[in-house]
Amino acid sequence: MIAVFKTNVFTPEDATQLVNVLKHHYPLSCINFDLHDCDKILRIDGGDHLPGEVIRIVNEHGFSCTELE
C-alpha cells in the first residue's frame, strides 16, 4: 500500500530527520520526500502504517501533514 501526504517540510535536513523517525516506527516501509513538488510530498510504500498515525508523528515534530487521495 502506498500512502501520499502533503507536508510543509522544506529542508533536506528536516526531511531526513522525519524519514529516520518514521523508519523507526515502520522499518519495513520505503519512506521518502519529494521536496521539489509544490506539496512537499511524503510517500510511504509498504509496511503496516496507518495514515492517522503518520500524520500524528509528523505533527508531533512540528510539521503539518495531510493525506492526499
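Strands S1 and S4 run antiparallel and are joined by four bridges. Within this pair, Thr7 stands opposite Cys65 of S4. The model described here is predicted. S1 is also joined to S3, again by four bridges and in antiparallel orientation, and Phe5 has Leu42 as its bridge partner in S3. Ala3, Phe5 and Thr7 make up the covered face of S1, whereas Ile2, Val4 and Lys6 make up the uncovered one.

Strand S3 includes Ile44. With a relative accessibility of 0%, Ile44 falls under the 20% cut-off and therefore counts as buried. Apart from neighbours within four places in sequence, the contacts of Ile44 are Met1, Ile2, Ala3, Phe5, Ser29, Cys30, Ile31, His49 and Val54. Lys23 lies 21 residues from Ile44 along the chain, and the C-alpha atoms of the two are separated by 9.7 Å.

Val54, one of the contacts of Ile44, belongs to helix H2, which spans residues 51–60 and whose buried residues are Pro51, Val54, Ile57 and Val58. Viewed down the axis of H2, these buried residues fall within an arc of 125 degrees and so line one face of the helix. They pack against strands S1 (2–7), S3 (41–45) and S4 (65–68), and against helix H1 (12–25). The exposed residues Gly52 and Glu60 are carried on the face of H2 turned away from its buried side. Just after H2, Gly62 adopts a positive phi of about 90 degrees.

How values were computed: Residues numbered from 1 in each chain as written. Predicted model: local features only at pLDDT ≥ 70, side-chain atom pairs only at ≥ 80, totals over all residues. Heavy atoms only, no water. Buried < 20%, exposed > 50% of the residue type's maximum accessible area, 1.4 Å probe, protein only. Helix = DSSP H or I, 4+ residues; strand = E, 2+ residues; numbered from the N terminus. Arc of directions from axis to C-beta. Contact = heavy atoms within 4.5 Å. Pairing = 2+ DSSP bridges.
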